[in-house]
Amino acid sequence: MAAKDQRNQDESMKRKRIAGTQREGEKRTSKKPKSVQSKPAAPPNKGLKKPFKSSKQQAVKTQPEKRQFAVEKKVPKSKRERRLHAKELTEARKKRRKRHYTLEQELASLWEKMRRHNIAKEERSKLVSEALQKMKGKIPEVAGSHVSSRVLQTCVKHCSQDERDAVFEELRPQLLTLACNTYAVHLVKKMLDNASKKQLEGFISSLHGHVASLLRHMVGSVVIEHAYQLGNASQKQALLLELYSAELQLFKDLVSMKESRLVDLISKLDLQKTSVVRHMASVIQPILEKGIVDHSIIHSALIEYFSIADKSSVTDVIQQLSGPLLVRMIHTRDGSKIGILCVKHGSAKERKKIIKGMKGHIGKIAHDQCGTMVLAFILSTVDDTKLLTKIVIRELQATLKELVFDKNGRRPLLQLLHPYCTRYFNPDDLASLNLFVSSLCTKDEGSDVNLNLEQTDCSEVCEFQDSGAVASLETTVGGNNSSISTNKNLQIVDGGKKDSSLRRRELLVDSGLAESLINTCIESVGELLRSNFGKEVIYEVATGGAGGILWPTLTDKLGALHEAVASLAALPKTEESEEEHILENFHSSRTIRKLVLNCPSFASTLWKIALEGKCEVWAHGHSCKVISAFLESSNLKTRDLAKLELQALIDGGILKVPESKLGEKES
């Protein structure tokens, strides 16, 4: 046994010596550099059944194969060849990936011709017909492509009615699917714009059961909003019923147009209010979380939700909307009402978020018909005047010259100068400023302000006093035979705790807005007086605002404005002038007449600079209204200024003043 072990040990030592000798020989004879990569040495086989091969030998053997592969591989030499080669690979890849790639290329070439402005109508019709013929039977498949969808939109715009109907019929089964496609959604909107009443009605009926799910989709919600805008009153109501309750989805035929409000539907159909609130919350919450708040159908649904929801539910929605989301909602009528309600019922922290969310958008909001009402309400409600000055007032000052000439842009300024004036806010606007959510108000507040969300669709006739505080309101609710008429005293309630006159002074005078406004009026005095909308701004500024809020601080500035108007009126009347004289212009003559009647200091300045000794020249036409205003004024000093000169004109029959007005003023 010991002899056998000794023999095995000798054999292993012999193998090690042979292997070492071979490695030393290879090191001496090798002429290859050490940088040649080699495979790791394989472990020695037992019994040496296979000859041992070193890594160097293997590397030398495989090198000719690499050279041969490099020769066979064709690499483009120039940049142009490489670019063409890459283009060919891209085209081949697109053909494999897109089923109708060749068709899209053909349609794109036709589209480049048919969308030109200088093309003949007949030639365009031929190209449109050719494109539609190529797409026939494949329109739903190619409508989702960013190229084909544009071609289809152009074809639908310029094709005949028969061709348009054929396209609609082919797309009709797939319209809901295409409504969620980023590119096809524009085609669906174009089809709805050109659809007949029957086709639109069929599409809206096909949305039954899908309205809530599509409103949660970023793209699909656009189609729902478009259909909502195009539909009539009954079709709009059918779309809204989808959001109210599952029962109303199933039994929508039980609902008539008389019950347009959700509160009326609940009472008529004896629905459970809690289940309706729960269902609406499940629909509205995902929409708000995704930030899909731009559409008017959502604003209408939120208004109805506020009218039935409890305090905690409404508070949660107000907290979600307080911020940049609200800025995207206030461009619609219902959206502005939601904005006003969020400001009215929101906490100081939430109001601060809303105002900060408007930063950078104040100018755009002021020019919007609905957004300007929210801005006017914020200026009348929020007590943090430092924040308002920093964000709102500064941005208004930057675009002051544009705002004073704009129908909507002047409203926030007029609200500060003369709050709640019926000359600048119609009854519907004043009613919207006084909306409240009944679940968030105490009984005392509800008795003081007798207008809630259930009276949003009402017609009001308001006659406000000069103070702008108390109004006589006649309200008709519903608009049907069973309408309810009430006659109540409506108190315009400021939502803030600070005194309203103090808030006005801080925002208007202390912030420097009034001074900038007076300077703008002086620079553009002629344009403002002749403007249909600017004349009201300059009138309020020249009189010093409601309650004379500008007089104690800005007396010198107001005097300069009066002199600017009087200097313009003192210019001689010439036929060569391109512009009408301000005393003969329709708008400016009536504005100056009102200033003479209501502002004695302006009347004195105008008489001394422009009219003294020249009344006979202006005793005819529109300018005679300005002259006669001196005798109609309730101020004794104003009447005494012109009494001698004007009485001579009256006696001579040159100036005619109604005897009733003269007798009324003298008495």
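First, the ground rules. The model is predicted: local features need pLDDT of at least 70, side-chain atom pairs count only at pLDDT 80 or more, and totals for chains, interfaces and linings use all residues. Residues are numbered from 1 along each chain as its sequence is written, and side-chain values use heavy atoms, without hydrogens and water.

Residues 170-205 are 69% helix and 0% strand, with end C-alpha atoms 18 Å apart. Residues 206-242 are 73% helix and 0% strand, and their end C-alpha atoms lie 12 Å apart. Helices here are DSSP runs (H or I, at least four residues), strands likewise (E, at least two), numbered from the N terminus.

Next, salt bridges: a side-chain nitrogen of Lys or Arg within 4 Å of a carboxyl oxygen of Asp or Glu. The whole structure has 14. One joins arginine 411 to aspartate 429, at 3.2 Å between the closest N and O atoms. Arginine 411 sits in helix H27 and aspartate 429 in helix H28, so the pair ties together parts 18 residues apart in sequence.

Another bridge pairs glutamate 632 with arginine 593, 2.5 Å from N to O. Glutamate 632 is in helix H37, arginine 593 in helix H35, 39 residues apart.

What about H37 itself? Eight of its ten residues are buried, so helix H37 is largely enclosed by the rest of the structure. Among them are Phe630 and Leu631.

Terms used
Buried means under 20% relative accessible area, exposed over 50%, partly exposed in between (1.4 Å probe, protein chains only).
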